[in-house]
Protein chains: 2
Amino acid sequence: MRFGTLEAGGTKMVLSVGNEQNELLEQAVIPTETPEKTIPAMISWFRERNIVSLGIGTFGPVDLNPASSTYGWITKTPKPGWSDMPLLPPMRDALGVPAQIDTDVNAAALAEWQLGAANGLNSCMYVTVGTGIGAGLVIEGKLVHGLVHPELGHMFLRQEPNDRTPAGFCPYHRGCLEGLASGPAMEKRWGIKAQDLPPDHEAWDLEAAYLAQMCVNAVCAFSPERIILGGGVMQQKHLLPRIRRKTLELLNGYIQAKEILDNIDGYIVEPGLGTKSGAAGALLLARKAFEEDE
Amino acid sequence: MRFGTLEAGGTKMVLSVGNEQNELLEQAVIPTETPEKTIPAMISWFRERNIVSLGIGTFGPVDLNPASSTYGWITKTPKPGWSDMPLLPPMRDALGVPAQIDTDVNAAALAEWQLGAANGLNSCMYVTVGTGIGAGLVIEGKLVHGLVHPELGHMFLRQEPNDRTPAGFCPYHRGCLEGLASGPAMEKRWGIKAQDLPPDHEAWDLEAAYLAQMCVNAVCAFSPERIILGGGVMQQKHLLPRIRRKTLELLNGYIQAKEILDNIDGYIVEPGLGTKSGAAGALLLARKAFEEDE
């Protein structure tokens with residue numbers, strides 16, 4: 001049986017076909033242009049592959065309420081051509097297969113929980129730190145869909161005392177997490193692309209401090225059993241140990257959990273599925289769409 | 001049938017007996033002294049009332065893991081005599097009835113969700129703003145118990161530009177939410193007890209700004225369907241409208257949810273059960289203890 005998966009991103013669409021062993025068999029990449037151009041191209045790729053269902057992990061914001069008349073639509077986005085546009089409905093209808101959609105980070109969180117670094121736990125937070133900062137949560141054994149999906153990147157944090165540009169770069173909130181610590185915020189702050197900042201640059205301790213505050217706020221707000229950090233910025237392998245150290249420093253012994261105090265290396269971790277969490281999550285959504293349709 | 005309820009606080013223990021109609025029939029208040037003195041006094045009060053089960057909403061931190069050998073114990077606390085002391089076990093054993101325990105704020109959140117301001121919703125956050133700041137969460141239809149219970153009061157926030165003492169007063173984290181906005185933090189900041197600060201004092205807009213940041217961070221982190229604000233500081237009735245206004249201002253239109261944008265008065269609300277949320281929650285825990293024991 002062949003399941004279709006789509007990772008819908010702001011710059012590219014990654015299409016894939018997977019099987020019941022959660023293996024991804026083949027892949028295609030299509031640039032994200034307008035819906036009028038990109039959606040038909042995706043439909044014809046999947047049509048040739050005879051899929052039984054479709055799972056979509058998408059950029060947001062997206063309407064995830066199955067009872068809504070705009071379920072599976074992209075809502076307000078600065079991305080040209082995509083505001084208030086349907087994504088799931090035209091693909092589901094043209095392909096004639098059941099389909100499910102979630103945010104890219106929720107899909108990744110689902111995969112990390114069922115197959116990756118949080119397998120067997122009752123809760124986790126998956127965060128991607130890259131062009132934006134987003135999170136997917138599993139709490140009490142369920143993927144969280146709230147009033148709207150989480151927008152962790154827009155949480156407010158304490159300005160670090162040695163931050164020279166604490167106002168931040170988010171067009172909505174300036175100094176929210178994303179405005180202080182996303183890849184583009186790092187580039188604006190230092191005038192150098194994040195990936196080109198050397199490991200001994202002061203940028204990294206500041207970055208670690210903001211991401212550690214994010215971890216502390218998650219522990220205080222809903223106390224996940226594990227925190228998984230992925231995304232482009234986290235490819236800098238020296239960053240994770242700094243975040244762990246700083247998280248312990250900020251918590252300052254207040255939270256008495258041996259899982260944190262005695263084993264921070266097992267508490268804040270990298271994705272178990274590497275860079276495949278999103279694709280694996282879309283495949284789980286496709287399988288779910290198929291099973292629930294039977 | 002008579003159910004016993006205990007609201008265990010740092011200064012007083014409120015004992016009550018309730019019935020199957022969720023009515024509280026009689027009440028006693030015992031000062032919180034040492035466990036050696038206070039627990040036997042509570043046992044003898046309940047023993048005379050022939051209760052079938054006991055529900056406890058307690059100050060924390062408390063071990064809530066039913067599989068733990070210290071389930072129902074107070075863990076590390078600055079409260080003299082109560083660190084690493086059992087609370088639920090001696091009462092359950094002496095009274096010979098089933099018992100359940102949760103934090104005072106989780107109990108209140110449970111009651112507000114089942115009987116109060118969040119009745120019928122799938123998620124909510126109940127926050128008490130008083131001597132400390134604490135929260136109980138319901139997410140995806142379940143009361144949240146994470147790795148540890150939420151400690152929302154210790155989340156980091158952005159310092160307000162017009163805050164003259166932004167370092168804050170938390171002994172662990174200085175400028176966390178509780179260190180900036182609890183009742184004692186207000187008193188330390190202004191040299192006047194919070195309840196004596198007049199409504200036109202600049203203290204209140206600052207207080208509203210920090211509590212609005214808390215609301216924003218909750219919306220971004222897990223997106224509850226309703227936020228319920230209770231506790232002593234919230235008795236100042238002019239505070240809630242300020243928090244609503246400031247929350248909208250801080251979100252700045254980023255979160256496209258009509259429940260927030262069009263009806264903030266219905267999104268951030270006072271407790272539906274007034275000051276009885278905690279007691280009502282303890283009664284629900286007692287009923288649950290009885291039903292699950294049958």
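Predicted model: local features only at pLDDT ≥ 70, side-chain atom pairs only at ≥ 80, totals over all residues.
Leaving aside neighbours up to four places along the sequence, L211(A) is in contact with V129(A), I133(A), L177(A), A181(A), M234(A), L239(A) and I243(A).

In chain B, helix α1 (residues 35-47) and helix α2 (residues 88-95) pack at an angle of about 35°, and their axes are 10 Å apart. The crossing of α1(B) and α2(B) is right-handed. On the side of α1(B), the contact is made by I39(B), M42(B), I43(B), F46(B) and R47(B), while α2(B) contributes P90(B), M91(B), A94(B) and L95(B). By class, this contact of α1(B) with α2(B) comprises 8 nonpolar residues, no polar residues and 1 charged residue.

Chain A also has a helix α2 (residues 88-95), whose buried residues are L88(A), P89(A), M91(A) and L95(A). An α-helix has 3.6 residues a turn, so residues three or four places apart point the same way. The buried residues of α2(A) pack against β1 (3-8), α1 (35-47), β4 (54-58), β5 (73-74), β6 (85-86) and β7 (99-103) of chain A. Just after α2(A), G96(A) takes a positive phi of about 65°.

Helix α7 of chain B covers residues 239-251. With 13 residues, α7(B) reaches 18 Å from its first C-alpha to its last, close to the 18 Å expected at 1.5 Å a residue. Its buried residues are L239(B), L240(B), R242(B), I243(B), R244(B), K246(B), T247(B), L250(B) and L251(B). What covers these buried residues of α7(B) includes α6 (203-221), β11 (227-230), α8 (258-261), α9 (264-267) and β12 (268-269) of chain B. After α7(B) comes N252(B), with a positive phi near 55°.

Individual residues show how a position in the chain relates to its surroundings. N106(B) lies in helix α3 (residues 104-115) of chain B. N106(B) counts as buried because its relative accessible area is 0%, and buried means under 20%. Not counting residues up to four places away in sequence, N106(B) touches L64(B), A135(B), G136(B), L137(B), L143(B), V144(B), H145(B) and H149(B).

In chain A, L110(A) is found in helix α3 (residues 104-115). L110(A) is buried, with a relative accessible area of 8%. Beyond residues up to four places away in sequence, L110(A) touches L143(A), G281(A), L284(A) and L285(A). By C-alpha atoms, L110(A) and A28(A) are separated by 23 Å, and they lie 82 residues apart along the chain.

C176(B) is found between β10 (142-143) and α4 (177-181) of chain B.

The backbone itself deserves attention in several loops. In chain A, the peptide bond from G60(A) to P61(A) is cis, with omega near -5°, and P61(A) is placed in the loop between β4 and β5. In chain B, the bond from G60(B) to P61(B) is cis, again with omega near -5°, and P61(B) is placed in the loop between β4 (53-58) and β5 (73-74).

Two further loop residues of chain B have a positive phi without being glycine. D84(B), with a phi of about 55°, lies in the loop between β5 and β6 (85-86). E140(B), with a phi near 50°, is placed in the loop between β9 (133-139) and β10. D84(B) is partly exposed, because its relative accessible area is 36%, whereas E140(B) counts as buried at 13% relative accessibility.

Definitions and conventions:
Residues numbered from 1 in each chain as written. Chains lettered and ligands numbered in written order. Heavy atoms only, no water. Contact = heavy atoms within 4.5 Å. Axes fitted to C-alpha atoms, helices over the stretch in contact; angles between N-to-C directions. Helix = DSSP H or I, 4+ residues; strand = E, 2+ residues; numbered from the N terminus. Left-handed = near helix turned anticlockwise from the far one by under 90°. Nonpolar A, V, L, I, M, F, W, Y, C, P; charged D, E, K, R; others polar. Expected span 1.5 Å × (residues − 1). Buried < 20%, exposed > 50% of the residue type's maximum accessible area, 1.4 Å probe, protein only.
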